[in-house]
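Hi,

Here is the structure I promised to pass on. Please have it open while you read, and my notes follow below.

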Amino acid sequence: MALYDLSKLLSENTYPGRGIVIGKSADGKSAMIAYFIMGRSVNSRNRVFEMHEKGMRTKAFDESKLTDPHLIIYNPYLKAKGGLVDIITNGDQTDTIYDYVNGESGTVHGFEDGLRIREFEDDAPNFTPRISGILYYCFPRNTFVYKMSILKSNNGDPNACQRYFYEYMPLDGIGHFIHTYRQDGNPIPSFMGEPEEVAMPNTAQELADICWNNLNEDNKVSLFVRQIPLDGSEPTEIIINKNK
């Protein structure tokens with residue numbers, strides 16, 4: 001089966017919403033993460049990404065225009081277990097996963113256990129899915145594994161939460177892409193099916209260019225890309241904010 005072209009998936013969809021890409025570089029030397037946010041409202045578009053000591057947060061670009069921090073201000077990315085685990089999500093479930101993975105209760109099922117106490121966002125009528133990803137590194141063996149998840153309503157019915165979990169062994173040049181919405185709409189239809197298998201480039205800059213240059217110009221807000229060399233050397237991180 002042919003891999004999806006990530007640039008095409010993005011350029012042909014005016015509103016995938018928020019999206020996560022995780023995979024392995026084409027040369028097999030790095031793990032790679034990308035996370036983007038989009039917005040249709042003034043409040044959603046009034047954001048930037050900012051690094052901090054534990055990872056990355058969203059923050060209001062213009063505090064005077066912030067009308068509701070609920071669901072838009074959170075930590076999309078956190079490092080756990082002394083840098084051996086990366087967590088990336090589209091909401092404050094990042095903190096829930098972090099607490100479960102980093103806690104004394106153990107880490108094997110922390111990702112799934114943390115998400116089983118969460119559900120989709122309470123933004124009726126969209127009931128935006130919560131999408132999440134986690135990477136576990138084993139640097140002495142130059143490898144990693146990753147998981148992804150989506151928590152969504154039952155076809156728009158908020159009385160039931162459907163929780164899906166996926167686990168992957170990395171392959172050179174292959175990644176997986178999951179996003180909150182299938183397309184634009186009112187209400188906005190949730191993502192359906194398994195994460196899309198996409199071709200991965202070699203570098204963080206290439207992945208950033210693929211994502212940023214193909215996201216809808218009116219709706220894109222911010223992008224984060226992280227490339228983690230599997231030999232244990234220093235990661236490369238890129239943030240692009242439309243608001244400057």
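Ser25 counts as buried in this predicted model, because its relative accessibility is 0%, against a cut-off of under 20% for buried residues. You will find Ser25 in the loop that runs between strand E1 (19–24) and strand E2 (30–38). A polar atom of the Ser25 side chain lies 3.2 Å from the backbone nitrogen of Lys29. Leaving aside residues up to four places away in sequence, Ser25 touches Ser30, Met32, Asp172, Gly173, Pro201 and Asn202.

Next, helix H5, which covers residues 204–214. Which of its residues are buried? They are Ala204, Leu207, Ala208, Cys211 and Trp212. Viewed down the axis of H5, these buried residues fall within an arc of 115°, so they line one face of the helix. The general rule behind such a pattern is that an α-helix has 3.6 residues a turn, so residues three or four places apart point the same way. The cover over the buried residues of H5 includes helix H1 (6–11), strand E12 (220–229) and strand E13 (236–241). Strand E2, already mentioned as one end of the Ser25 loop, is also part of that cover.

The largest pocket has a volume of about 400 Å³. It is lined by 21 residues, and those closest to its centre are Arg18, Ser41, Ser44, Ile72 and Asp123. Sorted by class, the lining has nine polar, six nonpolar and six charged residues.

Happy to go through any of this with you.

Best wishes

Methods. Residues numbered from 1 in each chain as written. Predicted model: local features only at pLDDT ≥ 70, side-chain atom pairs only at ≥ 80, totals over all residues. Heavy atoms only, no water. Helix = DSSP H or I, 4+ residues; strand = E, 2+ residues; numbered from the N terminus. Buried < 20%, exposed > 50% of the residue type's maximum accessible area, 1.4 Å probe, protein only. Polar contact = N/O pair within 3.5 Å; in protein donor to acceptor, adjacent residues only side chain to side chain. Contact = heavy atoms within 4.5 Å. 1 Å grid on protein atoms, 1.4 Å probe; cavity = no way out; pocket = protein on both sides within 12 Å on 5 of 7 lines; lining within 4 Å. Points joined across faces, edges and corners; volume = space filled by probe spheres on them. Nonpolar A, V, L, I, M, F, W, Y, C, P; charged D, E, K, R; others polar. Arc of directions from axis to C-beta.
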